[in-house]
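Trainee: Could you take me through the reading of helix packing, burial and salt bridges, using one model as the worked case?

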Amino acid sequence: MDVIDRAQEDLGRGDTIGARDRLVRALRRNPASPGILELLAYTQLVLGDRAAAGAAWFLTDKSDDDPTASGAFAALASKYRSPLALAEALPIHAPSDWYPARARNRLERLEAAVEANGQRWVPPRDVVYFYEDGLNSDDFYDPTVDYDDAEFDDGRAGSSYRSVRQRAIAATIVIAIAATSASVVLALIFG
């Protein structure tokens, strides 16, 4: 018996909270399952949480003009007035390209709305790559800090100075990238 059948049994017994919790846990293992997201949305409606139902339907192929879903989407937008708050309320546990086309379109519109507010949001499981040229320690340089300040006692000054902390962070990231690349190559060779 799969998780959807078990959740439906929970609902049949009147255990809506048990069904909701089971479905939320299942999303971590099967993050873009349309069946789990649909049943979770309906379960949230039974619990009286239209905004949570809208958040689940947001990631499905449900039409924006579906009468039930449109009310849930409106409740979601009403509860989370800023685009960033709405984005952070979504139960995203997979890269955005795992979701159906309508969900991806909603995510793109939401990301554009967040950026229009001068903020930045990338769906939590989306991969962000560094520039093709690699990583530059200047990426960790804060131009707003006055490096001529007496805090730095080693005599180096000016905008070309990079703190030990900045260099350590940059080096750590470069080493992590190199180690990850090496492990992938080894896995491909010996895998």
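Mentor: Two packed helices are described by the angle between their axes and the distance between the axes. In this predicted model, the axes of helix α1 (residues 3–12) and α3 come within 10 Å and cross at roughly 15°, so α1 is roughly parallel to α3. An axis here is a line fitted to C-alpha atoms, for helices over the stretch in contact, with angles running from 0 to 180 degrees between N-to-C directions; angles under 35 degrees count as roughly parallel, over 145 as roughly antiparallel, 65 to 115 as roughly perpendicular and the rest as oblique. Helices themselves are DSSP runs (H or I, at least four residues), as are strands (E, at least two), numbered from the N terminus. Residues are numbered from 1 along each chain as its sequence is written. Because the model is predicted, local features need pLDDT of at least 70 and side-chain atom pairs count only at pLDDT 80 or more, while totals for chains, interfaces and linings use all residues, and side-chain values use heavy atoms, with hydrogens and water left out.

Trainee: In which hand does α1 pass α3, and which residues of α1 and α3 meet?

Mentor: The crossing of α1 past α3 is left-handed, a term used if the near helix is turned anticlockwise from the far one by less than a right angle, with right-handed used if clockwise. From α1, the residues V3, I4, A7, Q8 and L11 meet G35, I36, L39 and T43 of α3, where contact means heavy atoms within 4.5 Å. The residues of this contact of α1 with α3 divide into 6 nonpolar, 3 polar and no charged; Ala, Val, Leu, Ile, Met, Phe, Trp, Tyr, Cys and Pro count as nonpolar, Asp, Glu, Lys and Arg as charged, and the others, Gly among them, as polar.

Trainee: Is T43 buried or exposed, and what does T43 touch?

Mentor: T43, found in helix α3 (residues 34–46), has a relative accessibility of 1% and therefore counts as buried, given that buried means under 20% relative accessible area, exposed over 50%, and partly exposed in between (1.4 Å probe, protein chains only). Not counting residues up to four places away in sequence, T43 touches L11, T16, A19, R20 and L23. L45, also found in helix α3, counts as partly exposed at 27% relative accessibility. Its contacts, leaving aside neighbours within four places in sequence, are R50, A53, W57 and T68; L45 and T68 are 23 residues apart in sequence and 9.5 Å apart in space, C-alpha to C-alpha.

Trainee: At roughly what angle do the axes of α4 and α5 cross?

Mentor: The axes of α4 and α5 cross at roughly 110° and come within 7 Å, which means that α4 is roughly perpendicular to α5. The crossing is left-handed as α4 passes α5. The α4 residues that meet α5 include A51, G54, W57 and F58, and among their counterparts in α5 are T68, A72, F73 and L76. The residues of the contact of α4 with α5 divide into 10 nonpolar, 3 polar and 2 charged.

Trainee: How many salt bridges does the structure hold, and how should I read them?

Mentor: Side chains of opposite charge can pair when their charged atoms come close. The structure holds 6 salt bridges, each being a side-chain nitrogen of Lys or Arg within 4 Å of a carboxyl oxygen of Asp or Glu. E38 forms one with K62, the closest N and O atoms being 3.8 Å apart; since E38 lies in helix α3 and K62 in the loop between α4 (50–58) and α5 (67–79), the pair ties together parts that are 24 residues apart in sequence. E38 counts as partly exposed at 22% relative accessibility, whereas K62 counts as buried at 13%.

Trainee: Which side chain does R106 meet in a salt bridge?

Mentor: R106 meets the side chain of D64 (2.4 Å, N to O). R106 lies in helix α7 (residues 101–116) and D64 in the loop between α4 and α5, so this pair ties together parts that are 42 residues apart in sequence. R106 is buried, with a relative accessible area of 3%, and D64 counts as partly exposed at 35% relative accessibility. Salt bridges that share partners also join D10, R13 and R22 into one network.
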